[in-house]
Each structure stands twice: as structure tokens, then as C-alpha cells.
Amino acid sequence: MIYPFKDKYPRIADSAYIADYVTITGDVEIGDESSVWFNTVIRGDVAPTIIGKKVNIQDNSILHQSPNNPLILEDEVTIGHQVILHSCIVRKKALIGMGSIILDNAEIGEGAFIGAGSLVPQGKKIPPNTLAFGRPAKVIRELNEEDKKDMLRISKEYAEKGQYYKSLK
């Protein structure tokens, strides 16, 4: 379901795939070839949510904001199943593992990997191309080439799956 909130209506690229049972409301922008998977909720009723190109937001995720504090996902970001994102910034090609929570004013660096079940607290900055894990999340190590290849594979597969499912509608 796609709903306006007051005078704001979601802007979704024609090439984006929005699965069944997704709710998107208010000031939300979704870029080309992005995909939003089953039972996800994206509410833009407090501040803007800006989602770049080829982003995948997997099943049961929740995206929201605090007043005057947007949520920004740059291009080719992967958001795992059941992730909660709140007024944070996720830079290009980063991956947020399943069940993670990223809070207000946290920033996930370009190409960073947040391990499943992690909590990135308010204001925490995760450097580019690192693996961070835990509650609270701590940088464990630099990413290696195998990590980067796996992250690229996941992003590419979701972009392809999204286009496949879109073709069925």
C-alpha cells in the first residue's frame, strides 16, 4: 500500500520493484531498479527517506525517522531481512546484515558490512570497507576481496530478482 501523508506522496521510480504487502507513506523517494521486499514498512511521515538506485530492502524491514533528520540510503545498498533503520545514513555499496538496528545520526561508510544482529548506536560512524559487528557494533577488521565479491553478488542477485518479480506483475 502506498499512501500520502499530508501533502507528501512517495516518489517511486518506474523500474523499482515493490513487493506485495509493503507499506510506503509520505516523503519517500525510491531510485531506479531498487527493490523493496515483502512486509517492509517505509514511513516518511516525520522527515524524508531517500533511497538510491539498485538498493534492496529485504523482507520485514522498518525504515523511519526523527524530526528534521532524514534517512538516506545511497546507491547499491543491501538491507537484510528484519532490519530497523532510523534517521541514519548508509553509504554506497554497504550491507546491513539481518536483524540489525541502525539508529539516529549513525553513518555506515561506503562498502562497509554490518554483521547480522548488530546495533549501531546513535551517532556512531562505521568506516568504509570494514566489518562491524555486535551490540554495540565495533569494527572487527578491514574487508577482504572475498567479502567484497560476496556483497556484490548479493546486491546483483537482488537487483535481478527484483526485475524478475516486476516482470510478473
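## Strands, a pocket and a surface patch

Strand 4 (residues 23-30) runs parallel to strand 6 (residues 41-51), and seven bridges hold the pairing. A quick word on terms: two strands count as paired if DSSP finds at least two bridges between them. Strands (E, at least two residues) and helices (H or I, at least four) are DSSP runs, numbered from the N terminus.

Keep in mind that this is a predicted model: local features need pLDDT of at least 70 and side-chain atom pairs count only at pLDDT 80 or more, while totals for chains, interfaces and linings use all residues. Residues are numbered from 1 along each chain as its sequence is written, and side-chain values use heavy atoms, with hydrogens and water left out.

| Partner of strand 6 | Bridges | Facing residues |
|---|---|---|
| strand 4 (residues 23-30) | seven | G26 and G44 |
| strand 8 (residues 62-64) | two | I62 and V41 |
| strand 9 (residues 71-73) | three | L73 and I51 |

There is also an open sheet of eight strands with mixed pairing, in the order 3-5-7-10-13-16-19-20. Its edges are strand 3 (17-18) and strand 20 (137-142), each pairing on one side only. Inside that order, strand 16 (residues 113-114) and strand 19 (residues 130-134) run parallel and are joined by two bridges; I114 has A132 of strand 19 as its bridge partner.

Of its 13 lining residues, K93, G111, K148, M151 and L152 are the closest to the centre. A pocket here is an open set of points on a 1 Å grid over the protein atoms alone, where a 1.4 Å probe fits, with protein on both sides within 12 Å along at least five of seven lines; lining residues have an atom within 4 Å of a point. By class, the lining has five charged, four polar and four nonpolar residues, with Gly counted as polar.

Helix 1 (residues 145-168) is also where Y164 sits. Together with Y165 and L168, Y164 forms a nonpolar surface patch with about 320 Å² of accessible area (Shrake-Rupley, 1.4 Å probe). Patch residues have over 30% relative accessible area and no salt bridge, and nonpolar side chains are joined within 5 Å. A salt bridge means a side-chain nitrogen of Lys or Arg within 4 Å of a carboxyl oxygen of Asp or Glu.

Terms used:
Patch = residues over 30% accessible without salt bridge, like charges linked within 9 Å, V, L, I, M, F, W, Y side chains within 5 Å.
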